[in-house]
Amino acid sequence: MTKATLVDHIYEKVGLSKKETTEMVETLFETIKEVVSEGESIKLSGFGTFTVREKGSRRGRNPKTGVEIEIEPRRVVTFKPSVGFKAFVERGSDS
Amino acid sequence: MTRSELMRLVSEKVPGFTKREIENIVKEILEGIKEALAMGEKVEIRGFGNFKLRHRRERRGRNPKTGDTVNVPVKKVPFFKVGKEFREMVNRKSSAGD
């Protein structure tokens, strides 16, 4: 499923045009990106939490050449699904 | 940040929609993703990331209270793989803040 099929799936339910629905979908994901990039977590009840984690520097190795390199500290996004989301997929589509 | 604060930020960007419309559509977007995963489908949002299922094998666990060995059955767990653009956006902010 892509953004376009997600829009196809929901635009009638919400009573908006495809174009308006697409705009909303894009705005939602853009806004999540902006907030999380500022280092703030977003908790969406019934869905999950997006968090930024700080990774310290560590020594790594180029797997091809075997040369040791310093991996710089970086920030990564993690998503923790809510209990409800996990239970929902565990039940599957036949529920 | 909670859902309601996020909704406020979204509503500032799409002034033509009522608060109720925004809440409703966000609910349907998230439900749509959950339903796709429950059917075993993957959801790809370009620039943001992919939602898919990760399958965990059956394993032997232990009840931490009693120490009894129990079988933990196969599990399907929702997993989010961050997209390139999102990943780079988050990382840029950290180096800019140094």
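1. How much area is buried between chain B and chain A, and what part of that area do carbon and sulfur atoms give? Keep in mind that this is a predicted model. The two chains bury about 4,800 Å² between them, and carbon and sulfur atoms give 73% of that area. On the side of chain B, Met1(B), Ile25(B) and Lys34(B) supply 13% of the area that chain B buries against chain A, more than any other three residues.

2. Next, the residues in contact. Chain B brings 49 residues to the contact, and chain A brings 49 residues.

3. For the polar side of the chain interface, the count is 16 residue pairs in polar contact, both residues at pLDDT 80 or more. There are also three salt bridges across the interface of chain B and chain A. One of them is worth a look in your viewer: Lys33(A) and Glu85(B) meet through their side chains, at 2.7 Å from N to O.

4. Which elements of chain B give two or more residues to the side that touches chain A? They are helix 1 (3-13), helix 2 (19-38), strand 1 (43-45), strand 2 (49-56), strand 5 (75-82) and helix 3 (84-96). Helix 2 of chain B gives the most, with 15 residues. By class, the side of chain B that touches chain A has 30 nonpolar, six polar and 13 charged residues.

5. Now to the inside of chain A, which is divided into domain 1 (1-38) and domain 2 (40-95). The C-alpha centres of these two domains are 22 Å apart. Five residues from domain 1 of chain A and seven residues from domain 2 of chain A make up the contact.

6. Domain 1 and domain 2 of chain A bury about 540 Å² between them, with 70% of it on carbon and sulfur atoms. Which residues of domain 1 lose the most area to domain 2? They are Ile32(A), Val35(A) and Val36(A), and together they account for 80% of what that side buries.

7. As for polar links between the domains of chain A, the rule finds zero salt bridges and two residue pairs in polar contact, with both residues at pLDDT 80 or more. The side of domain 1 that touches domain 2 divides into three nonpolar, one polar and one charged residues.

Notes: Residues are numbered from 1 along each chain as its sequence is written. Chains are lettered from A and ligands numbered from 1 in the order in which they are written. Side-chain values use heavy atoms; hydrogens and water are left out. Contact means heavy atoms within 4.5 Å. Buried area is the accessible area (1.4 Å probe) that two parts lose on being put together, summed over both. A salt bridge is a side-chain nitrogen of Lys or Arg within 4 Å of a carboxyl oxygen of Asp or Glu. A polar contact is a pair of N or O atoms within 3.5 Å; within protein, one must be able to donate a hydrogen and the other to accept it, and residues adjacent in sequence count only if both atoms are side-chain atoms. Helices (H or I, at least four residues) and strands (E, at least two) are DSSP runs, numbered from the N terminus. Ala, Val, Leu, Ile, Met, Phe, Trp, Tyr, Cys and Pro count as nonpolar, Asp, Glu, Lys and Arg as charged, and the others, Gly among them, as polar. Domain bounds come from an automatic or database domain assignment.
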